[in-house]
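Please look through the sequence and the structure shown below before reading on.

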Amino acid sequence: MSVSGANPVSSGDAAPGIPVIDVGPFIRNEVGAADVVKAIEAACRDTGFFLVAGHGVSPQATLRLYSLARAFFDEPQEWKKTIGRGNGVIGGVSFSPIAEEALAATLGLKTPGDYKESLNFGENLPGDIWPNKPDGLAQAFRDYFKEMEVLSKHLRRIFCQAIGLDQDYFEPSFENHLSALRVINYPEQSEAPLPGQLRAGVHTDYGFMTILRSEASPGGLQVRNRNGEWLDAPSIKGAYVINIADAFMRWTNDEWVSTPHRVANPPTGFKGTARRQSIPFFLNPSKDTVIECLKPFIKGGAKYEPITYGEYIDLKTKQAFSKG
């Protein structure tokens, strides 16, 4: 299904409360740009989740990264576990094996490790040397990272207009940004998961926002709305799932929401293929950026003391990988 020509809000293509928004008019400065801003502001206040079409991201760069990462995940586990375990290379790669990370720990929940594995990269993040196979993997990550930088700048400007800030207000915070690009493999589940184990435990994202390239499969992304109901996030070809993350919610004094979400297991007894691969881009500000209440949201007073993003992300990461 093509969504490049979707209306600013196409509720028929989305789950309740998760709209599909064509951001093309805003990017091209066309008639309808104000409707895009209005629709995104409403989504940020309601569920903190929406889908974007008309974004201009290269489908070729997306497919290249998807395919090469899949080839990596198809390699033997014994070899993969030798890759990306150091942190001496800025802009290097890191690899997280199955069940190493337990995202629910960031919400104080004790669960088995998540049933997934991932490759991770950030231009300003530490990692290890890239593997020699598949050929072109590192360049595919870098090319897609650039595509996400362009899209995220468009979205930041939409956010600024929605809040009533100068459109480049956030840009100094994203010089030397700590954004991370991750490709996640959710393997077939040949054995029943452990009690309480999900493909990705319930969590909120840590930074400014997440841009997700997802795919339809049994056992997918679910979003918890304000009523506590779990909604299946729609998977629409060519569209990206966007969600507000914790640091941005804090910036808005909790008026824009960072919503809990998870990746469910395939249904018990499912006979078809349930392998799933997703590509989240976690947009994070620079280490020294101070997260404090934006003036338009102060009203009765700021809920939180200022904190640097470096301090904030350190706390969240330690929680996610805690073995306690």
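## A helix and what follows it

Helix α2 is followed by Gly48, a residue whose phi is positive, near 75°. The model is a predicted one, and this should be kept in mind throughout the report. Helix α2 itself covers residues 33–46, which makes 14 residues, and reaches 20 Å from its first C-alpha to its last, close to the 20 Å expected at 1.5 Å a residue.

Which residues of α2 are buried? They are Ala33, Val36, Val37, Ala39, Ile40, Ala43 and Cys44. Seen down the axis of α2, these buried residues fall within an arc of 165°, so they line one face of the helix. An α-helix has 3.6 residues a turn, so residues three or four places apart point the same way. On the other side of α2, Ala34 and Lys38 are exposed, while the cover over the buried residues includes β1 (20–22), α1 (24–27), β2 (49–53), α5 (137–163) and β12 (240–244).

Cys44, which is one of the buried residues of α2, has a relative accessible area of 0%. Cys293 has a relative accessibility of 14% and also counts as buried, because the cut-off for that word is a value under 20%. The count of disulfides in the model comes to zero.

## The side chain of Thr62

Thr62 is found in helix α3, which covers residues 59–73, and with a relative accessible area of 9% Thr62 is buried. Where do the polar atoms of its side chain find partners? A polar atom of the Thr62 side chain lies 3.0 Å from the backbone oxygen of Ser58, and the side chain also makes a polar contact with the side chain of Tyr240, at 3.2 Å.

If residues up to four places away in sequence are not counted, Thr62 touches Val57, Tyr144, Arg213, Tyr240 and Ile279.

## A strand covered on both faces

Strand β5 covers residues 117–121, and five of its five residues are buried. In a regular strand the side chains alternate between the two faces of the sheet. In β5, Glu117, Leu119 and Phe121 are on one side and Ser118 and Asn120 on the other, and both faces are covered.

Which strands pair with β5? Strand β4 (residues 93–96) pairs with β5 in the antiparallel sense over four bridges, and Ser96 stands opposite Ser118.

Definitions and conventions
Residues numbered from 1 in each chain as written. Predicted model: local features only at pLDDT ≥ 70, side-chain atom pairs only at ≥ 80, totals over all residues. Heavy atoms only, no water. Buried < 20%, exposed > 50% of the residue type's maximum accessible area, 1.4 Å probe, protein only. Helix = DSSP H or I, 4+ residues; strand = E, 2+ residues; numbered from the N terminus. Pairing = 2+ DSSP bridges. Disulfide = S-S within 2.5 Å. Polar contact = N/O pair within 3.5 Å; in protein donor to acceptor, adjacent residues only side chain to side chain. Contact = heavy atoms within 4.5 Å. Expected span 1.5 Å × (residues − 1). Arc of directions from axis to C-beta.
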